[in-house]
Amino acid sequence: MIDSSEVKVKSLQKALEILNCFAEKQPLGVTEISEKLGLYKSNVHNILTTYKAMEYLEQDEETGKYYLGSSIFPLCRALGDSFSITKIAIPYMQEIVKKVDEIVYLAIPHEDEVIYLEAIYPSESIHPVRSLLGERAKMYCTSVGKSMMAYLPEDEIERYLSKELIALTDYTITDKALLKEELAEIRRNGYAFDNMEFEFGIKCVGVPIFNRHGVVEAGISVSGPSLRIEEKRKSGLTDVVKKYAAEIEKRL
């Protein structure tokens, strides 16, 4: 959590809060950000224009709305490189991709969210689904998030469940009793499944990665179109991801 007493440059805080809005949704317009943060439109416009000039944001010529720009990618890459698990995991992620021919993600837990550190695509992929690299998502609606959440201390799970669970699709689990049951099932099976809960048309299998102290440090997931991630294929995908997650754990 951010300690507001430590914030010395309020204008910088304001600018970063505006940039953080794009982690939740994009594209965004001046009015939407202004209303969300309670800021004057002129201030928001000036900050957005500055971000655009520095290529942290780009602007849609037709709608006038903004979305994240190319200058974000070096920061995402630097973040990933700062975690030793990224360098350890990449070769194994590449092996998973070779075997399943789907996108593989690496993510870490952060409070009630996951942060996607790395993504490996099939060699022939034309990126049929959007990249999540550098993005955040709530734990309860992603396979990799649920796989890590299931192994959190009980008090942390209860604190998480005290918050509102917002439906992102018709399949998102928002009933807290049902989610607790699913977390128990994840602990029994050792993996989590995202049945189009985060994004319609996309299914994922996620597995936690534990460090040498038995604490969840990260998670990996296989993600693909729902028509390809069928029930009969789920077992095979899970076995592959579990196998390489175990190999990663040996090196942590």
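This is a predicted model: local features need pLDDT of at least 70, side-chain atom pairs count only at pLDDT 80 or more; totals for chains, interfaces and linings use all residues.
**Salt bridges in close-up**

**View 1. R233 and E102 form a salt bridge.** R233, with a relative accessible area of 25%, is partly exposed; here, buried means under 20% relative accessible area, exposed over 50%, and partly exposed in between (1.4 Å probe, protein chains only). Residues are numbered from 1 along each chain as its sequence is written, and side-chain values use heavy atoms, with hydrogens and water left out. The closest N and O atoms of R233 and E102 are 2.9 Å apart; a salt bridge is a side-chain nitrogen of Lys or Arg within 4 Å of a carboxyl oxygen of Asp or Glu. R233 belongs to helix α9 (residues 231-250) and E102 to the loop between α5 (84-100) and β3 (103-110), so the pair ties together parts 131 residues apart in sequence. Helices (H or I, at least four residues) and strands (E, at least two) are DSSP runs, numbered from the N terminus.

**View 2. A salt bridge joins E197 and K146.** The N to O distance is 2.8 Å. E197, in the loop between β6 (192-195) and β7 (202-210), and K146, in helix α6 (residues 143-149), are 51 residues apart. Both residues are buried.

**View 3. D155 pairs with R159 in a salt bridge.** Their closest N and O atoms lie 4.0 Å apart. Both residues are in helix α7 (residues 154-161), 4 residues apart, a separation of about one helical turn. R159 is partly exposed, at 47% relative accessibility.

**View 4. Salt bridges link D112, E113, R136, K138 and K163 in a network.** The whole structure contains 15 salt bridges.
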